[in-house]
There are 2 protein chains.
Amino acid sequence: MKTRKIAIMGFGTVGGGAYDILTANREYIRNTQGIDIEVRSILDRNSAPLSARGADVSLFCSSADELAGDPEIELVIETMGGVEPARSFIIKMLEHGKSVVTANKELLAKHWCELEPIAKAHGCGLFFEASCVGGVPIIRALGESFQGDKVRAIYGIINGTTNYILSKMSKEGCDYADALKEAQALGYAEFDPTSDVEGFDAAYKLSILGSLAFHTCLPYGRIYREGITKVTARDILNAHDLGYEIKLLAIGKRDGNSIEARVHPVFVPKDHPLASVSGAFNAVYLNGDFVGDLMFYGAGAGAHPTGSAIVSDVITALGGKKKYCDFDNCGKLDGSMELIGDFVSGYYICVTVDDKTGVLSRISTILSDNGVSIKSALQRAENNDAATVVFLTHSANEHSVMHSLQSIAKLADVRSIDSMIRVL
Amino acid sequence: MKTRKIAIMGFGTVGGGAYDILTANREYIRNTQGIDIEVRSILDRNSAPLSARGADVSLFCSSADELAGDPEIELVIETMGGVEPARSFIIKMLEHGKSVVTANKELLAKHWCELEPIAKAHGCGLFFEASCVGGVPIIRALGESFQGDKVRAIYGIINGTTNYILSKMSKEGCDYADALKEAQALGYAEFDPTSDVEGFDAAYKLSILGSLAFHTCLPYGRIYREGITKVTARDILNAHDLGYEIKLLAIGKRDGNSIEARVHPVFVPKDHPLASVSGAFNAVYLNGDFVGDLMFYGAGAGAHPTGSAIVSDVITALGGKKKYCDFDNCGKLDGSMELIGDFVSGYYICVTVDDKTGVLSRISTILSDNGVSIKSALQRAENNDAATVVFLTHSANEHSVMHSLQSIAKLADVRSIDSMIRVL
């Protein structure tokens, strides 16, 4: 059996995880997949990460040009992260006829339309199962399963950091700031958590997943995005009282030429399969016009789950497969498609008011005047002659709810609009 | 674009479902997959099912020989069910160079090892995503995702009928017989429900899924099988009190050369993702050595979910793919593998005893003497000077528990051993 030689660019957590699997299960992969894979080179800034992981330091390589010029290497794993130099290095490898397996969601969300034609022109594969939802084979499923179905909607819990934080808030009743601190201490959140907690990471992934699901480019920049930093311990308590969990969802919908794409916190009913996806686990729930509802669940990040997705891509790529999306509208929304900003949803609204007769009625009237129908309301007395009013609405238009909130904020006896969270 | 012509053998629920999708989404499939698929012939005993579904009656064909002899048909969908004549017809089609897409789990579990070499010899594909778990793409995932992982265990809720019955018992507190009657009235259970409720159907599927997961033939006949007919309303109540749901699980495990394969009711902890898989939904939960835990969830049966899996296979097959398992040990357990009958599990045991001093102690002593450690026990007074004793054990060997139960049954103050259900 011919040994197939590959390289790894970026030997951090995920690159190291892939290396572990390729090393530990090399014989197993040879026996079950009929492919013998050898890591021939590891590119990084220095060889310290190799020593730290117990990898053979003689594999160390410091030059992408050297890697690109090695004719024996037929495939390169990119686990550097970020846009540059990952983008330039990937282009270099593709131009030298090497297939690329990447875990880089930011790069893909921003430069897929640039990279795919280069891969195609050089007869190379460009694989990215590891870019979304760790070891969960959702990219493969969107490309090669239920192909006869029009996917109507996807709902993803696709960021492990925010799901860890929200799960912790839900379990322990703590505030966002405390949950974030613990997540940082445990390595679930980065020192600068912006990309995760503000929903950028989820939006990158939704751009990739939505493009595959809807067979049209869903540009990252057009996705509505709202993070979890404003979710309070009180919101979580209210959610529990009403029978919900709060999750950061990435939502994509397509109905004919209309598309919705948004990332924001959502009240998820407790009996919905997504409600029990806790901690660092991730899941993608989707609906097809014939297959109905499906859910894919698993570890959303981590060295070995993500490494597993990379190794799966390596085996697939070395098996000779190439698959391109060939969007006509690469990098931008198709001219015939309409992005729906005024989508329909249920809403949870929490308002602090003066504890006076008639205030609930005045707020209800504004909602009603804007065509927003109330499903349930509860009022709780607080200190300082204040009261908290909590509403759940029936399905309503986003713009009508926003307009209502502006009017409610102007009422004399309304002290503050504390929260507005959409309901699944 | 060249039109690709296919046929359907067996125009019942599932065959009709596939036809619906191929008809309704023909243009969509053409646009997104680049394949134009036309159903050219439908084989059945008579044309009534075609008329009933509004299918073009001119497609009716009554002869498998005629179908096999039509050079324009390059692929045949088999949705007849049962072993014969499905087996003979499939062989005929393969021998005439036509790829086959089948939903027939019984046939596959019993004759995979016969059919695959015939397909291979004639350069045809043999696809069976629809044979297990309806529209959930678990066959594709086991073959083409996490290939670098050694799958250590799979746990499947893979029979919709039993999950419907158990969910109903759990929700309404009714007895098995009543839940079965309603399932039959609603079409979720057949007039003769044996294949579902006695676990045969789940065992067929476990044979297929386990063989793929463990890369070795897991013969259907070697699977331990126990149905749900003995699960009582009291068992469900006890399960709830202890924090569990009862599910019929198909369990496969591999550790080196040791294999476990069994289908039986299981106490599933309420916070396990499988516990919330209710009604006619199915799920496969699995663990790989690097990817960790994954779960695949969706509708386990039904015309359109199963039809969706068939259409996915048709598109894949027409795309030119062929994939064979090539087990050395086809049809039987590999000589180097050991099937573990004395597996390890937790146990729930429910016993009716005379309500006398010392009986709990006598039972506990027997369990302890057999090395079975008790996790929790509760005793409830009943009418007629009787009491119910419920035990949950820590992990113990199956044979030790069985041996204990034989001894417990012989105790003078034990009236009956009412239930023994394994715990996840």
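Buried means under 20% relative accessible area, exposed over 50%, and partly exposed in between (1.4 Å probe, protein chains only). The model is predicted: local features need pLDDT of at least 70, side-chain atom pairs count only at pLDDT 80 or more, and totals for chains, interfaces and linings use all residues. Residues are numbered from 1 along each chain as its sequence is written, chains are lettered from A in the order in which they are written, and side-chain values use heavy atoms, with hydrogens and water left out.

**View 1. Strand 4 of chain B is mostly covered.** Of the six residues in this strand (residues 73-78), five are buried. Strands (E, at least two residues) and helices (H or I, at least four) are DSSP runs, numbered from the N terminus.

**View 2. Strand 4 of chain B pairs with strand 1 and with strand 5 of chain B.** Two strands pair if DSSP finds at least two bridges between them. Five bridges link strand 4 to strand 1 (residues 3-9) in the parallel sense, and I6(B) lies opposite L75(B). Strand 5 (residues 99-102) also runs parallel to strand 4, with four bridges; here L75(B) has S99(B) as its bridge partner.

**View 3. A β-α-β crossover connects strand 4 to strand 5 of chain B.** The chain passes through helix 5 (residues 86-95), and the crossover is right-handed. With the strands pointing away from the viewer, a right-handed path from the first strand over the helix to the second runs clockwise.

**View 4. Chain A superposes on chain B by a rotation of 180°.** The shift along the axis is 0.0 Å and the RMSD is 0.1 Å, by least squares on the C-alpha atoms of residues with pLDDT of at least 70 in both copies. This is the relation of a two-fold axis. In chain A, the C-alpha nearest the axis belongs to F296(A), 2.5 Å from it.
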